[in-house]
Amino acid sequence: MQNQAFIGRQPIVDLQQKIIGYELLFRHSADASSAEITDDLQAGTNVLVNTFSNMDANWLLGDKLAFINIAAPMLESDFLELLPAQRVVLELIESVEATPELLARIKDLRQLGFRFALDDFDHRPINSELLPIADFIKVDIHELGLERTATLARSLQSNTSAKLIAEKVETRTEYKQCKELGFHYFQGYYFAHPETLSAKIINPAHATVLSLLNKVRNNADVKEIETGFKADVALSFKLLRYINSVGFGLSCEIQSIRHALAILGYQQLYRWLTLLLATAGNDSTPPALMKTAITRGRLTELLGQDYMEKSDRDNLFIVGIFSLLDAMLEMPMDDILEKLYLPETICDALLNRQGVYGPFLALTEACENSDPKRIGELADSMAMDPEKINKAHMEALAWVEQLGIG
């Protein structure tokens with residue numbers, strides 16, 4: 001069943017009112033104006049999943065920083081290490097206490113490249129102990145009032161090199177006053193209200209994610225893990241979106257599932273699957289549609305096995321399973337591909353049934369539709385034996401049955 005992902009976003013600007021980053025906020029619906037958080041870990045998990053798997057991080061952030069609210073449970077989890085450290089500021093909420101264990105964890109995360117902000121800072125002992133690790137300090141000017149804000153700003157400028165961010169700036173007068181007090185950055189309704197962004201998503205099946213987690217934990221062969229991904233279109237889609245997202249800085253596009261698995265490695269893959277488990281459920285892609293997409297992937301791959309190298313056959317599988325993404329996401333295919341960053345050859349096949357992979361996908365669809373005339377035309381144009389086509393179709397159907405889908 002179709003689902004939606006939501007995330008709130010409010011800009012943080014510099015002295016010239018240029019955007020330097022966005023605070024990302026948990027939202028449970030399109031019209032929600034506040035987070036309504038009952039579980040800090042779950043809220044943090046949803047922000048991470050929505051930003052880097054369900055949505056396109058390039059579209060959401062551009063080249064700006066992501067400020068993400070972090071409570072102690074999320075800070076202690078391994079999920080954070082899935083984030084692009086150079087692009088993320090971990091914003092410690094005011095309830096975070098500077099325990100020795102937490103400070104050690106922060107030190108490790110700083111070595112990975114993460115920066116830290118202290119939210120709603122007011123010089124209480126509970127957050128003053130965190131001052132040495134702060135790159136940014138956020139001050140709620142409405143909570144403190146102008147006089148206390150001025151006192152706090154002067155104290156911080158004498159005791160830390162962290163950049164000061166004035167929060168809840170709602171008028172031009174407040175903006176001017178905060179500039180005069182020496183604040184470096186600003187956030188509030190005067191610049192922009194938080195906007196809620198949404199994206200249509202498909203969720204992987206809970207059982208599939210659990211099965212893959214077990215395989216990864218037991219160091220199963222990469223081919224076995226790859227087969228598990230091939231059994232769930234949503235997982236394949238999310239994996240390629242994540243690996244091609246803003247954080248990896250790769251010099252080449254990751255095209256195949258196996259290539260993505262090699263880049264991530266087992267430890268990161270396990271963390272990512274664990275994170276996805278929080279959003280997997282019974283509202284995954286309808287089994288019939290899933291089965292058709294996976295059959296398309298396998299048949300397209302088999303049709304090209306005598307014509308192409310292994311890497312191209314991997315691409316043929318992606319072409320086949322992703323050819324139904326428009327139906328799954330209820331979006332035009334060109335809109336989907338804008339945010340997926342696949343090679344032009346794959347996009348050409350998905351959009352136009354053209355290019356090096358296009359004829360194989362067209363032939364797969366003709367087989368699916370039991371259209372003998374079209375099969376014959378394509379077979380002739382590709383110099384392909386109709387008997388081989390029929391055999392490949394039977395093999396694809398048998399392979400999908402073995403996966404136990406539907």
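**A tour from Tyr307 into helix H17**

Begin by selecting Tyr307, which is partly exposed, with a relative accessible area of 42%. The model is a predicted one. Tyr307 lies in the loop between H12 and H13.

Phe360 counts as buried, at 6% relative accessibility.

Now display the whole of H17, residues 358–368. Nine of its 11 residues are buried, so the helix is largely enclosed by the rest of the structure. Among the buried residues are Gly358, Leu361, Thr364 and Glu365. The elements against which the buried residues of H17 pack are helices H12, H13, H16, H18 and H19. Following H17 is Ser370, with a positive phi near 50 degrees.

Then show H18, residues 372–381, whose axis comes within 8 Å of that of H17 and crosses it at roughly 155 degrees. H17 is therefore roughly antiparallel to H18. The crossing is left-handed. At this contact, select Ala362, Leu363, Ala366 and Cys367 in H17, which meet Arg374, Ile375 and Leu378 in H18. By class, six residues of the contact are nonpolar, none is polar and one is charged.

For the last stops, turn to the other aromatic rings; the count comes to 12 aromatic pairs. Phe237 and Phe322 form an edge-to-face pair, 6.0 Å centre to centre with 85 degrees between the planes. Phe237 belongs to helix H10 and Phe322 to helix H13, 85 residues apart. Both Phe237 and Phe322 are buried. Finally, select Tyr175, Phe186, Tyr190 and Phe191, which form one aromatic cluster.

Methods
Residues numbered from 1 in each chain as written. Predicted model: local features only at pLDDT ≥ 70, side-chain atom pairs only at ≥ 80, totals over all residues. Heavy atoms only, no water. Axes fitted to C-alpha atoms, helices over the stretch in contact; angles between N-to-C directions. Helix = DSSP H or I, 4+ residues; strand = E, 2+ residues; numbered from the N terminus. Parallel < 35°, antiparallel > 145°, perpendicular 65-115°, else oblique. Left-handed = near helix turned anticlockwise from the far one by under 90°. Contact = heavy atoms within 4.5 Å. Nonpolar A, V, L, I, M, F, W, Y, C, P; charged D, E, K, R; others polar. Buried < 20%, exposed > 50% of the residue type's maximum accessible area, 1.4 Å probe, protein only. Phe/Tyr/Trp six-rings, centres within 6.5 Å; stacked < 30°, edge-to-face > 60°.
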